[in-house]
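Hi,

Here is the structure I promised to pass on. Have a look at it first, and then read my notes below.

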Amino acid sequence: MPNISALIAAPFAALSFALPVRPEPAALWRAGEWMTCAEFSELLCDCTGWTVKPGIYPDDPDGVGHWLIDPSGDRQGDIWPGPDLDDLQMWVGERIDEALSAADGCEF
C-alpha cells in the first residue's frame with residue numbers, strides 16, 4: 001500500500017524554494033549596502049558597545065529620529081533627526097571601520 005502522506009507531500013516538496021538570506025551587518029557595512037536601524041544598531045553594538053534606537057523628533061516633518069545609546073543604556077546628546085541613518089553612520093563610521101579591521105579574522 002502506498003504511503004498516503006508521501007503522496008500528499010510530493011507536490012508541495014516540488015514547490016519549496018530557499019529564501020535569500022540577508023548578509024550579516026558587518027558584511028553589509030563592508031559592502032556599503034543600506035542597513036536597517038536594527039542592523040546598524042547590531043553592528044554598532046558589536047563594534048563599540050553602543051546602540052541606536054528610533055525615536056520621535058518633533059522638529060522634523062517625518063517626526064522620526066534616532067538616539068545614540070551608550071553601553072549603560074543612556075541616551076547621548078540630542079536625537080539625530082530624520083528617518084535616514086546616513087549622518088549618524090558617517091559620524092561613527094570610523095569607529096566601526098577600526099573595530100572591523102582590528103577584528104580581522106574574528107566573527108564580525
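A word on naming before the rest: helices (H or I, at least four residues) and strands (E, at least two) are DSSP runs, numbered from the N terminus. This is a predicted model, in which local features need pLDDT of at least 70 and side-chain atom pairs count only at pLDDT 80 or more, while totals for chains, interfaces and linings use all residues. Residues are numbered from 1 along each chain as its sequence is written, and side-chain values use heavy atoms, with hydrogens and water left out.

Let me start with Ser 41, which is found in helix H3. Ser 41 is buried, at a relative accessible area of 11%; buried means under 20%, exposed over 50%, and partly exposed in between (1.4 Å probe, protein chains only). Leaving aside residues up to four places away in sequence, Ser 41 touches Trp 50, Thr 51 and Val 52, where contact means heavy atoms within 4.5 Å. The helix itself, H3 (residues 37-48), lies across E1 and E2 and runs at about 145 degrees to E1. For such angles, axes are lines fitted to C-alpha atoms, for helices over the stretch in contact, and the angles run from 0 to 180 degrees between N-to-C directions.

Now the sheet. It is open, with 3 strands in the order E1-E2-E3 and antiparallel pairing; two strands pair if DSSP finds at least two bridges between them. At the edges are E1 (51-56) and E3 (75-81), each pairing on one side only. The twist averages 30 degrees from one strand to the next. E1 pairs with E2 (residues 64-69) over 6 bridges, and Thr 51 stands opposite Ile 69 in E2.

The whole structure holds 2 aromatic pairs. One of them is Trp 80 with Trp 91, a tilted pair at 5.6 Å centre to centre and 45 degrees between the planes. Trp 80 lies in strand E3 and Trp 91 in helix H4 (residues 86-102), so the pair ties together parts that are 11 residues apart in sequence. Rings of Phe, Tyr and Trp (its six-membered ring) pair if their centres lie within 6.5 Å; planes under 30 degrees apart count as stacked, over 60 as edge-to-face and the rest as tilted. Trp 80 is partly exposed at 22% relative accessibility, and Trp 91 is partly exposed at 49%.

Finally, Arg 95 lies over the face of Trp 91, at 5.5 Å from the ring centre. For this, CZ of Arg or NZ of Lys must be within 6 Å of the ring centre and within 35 degrees of the ring normal. Arg 75 likewise lies over the face of Trp 67, at 4.3 Å.

Best wishes
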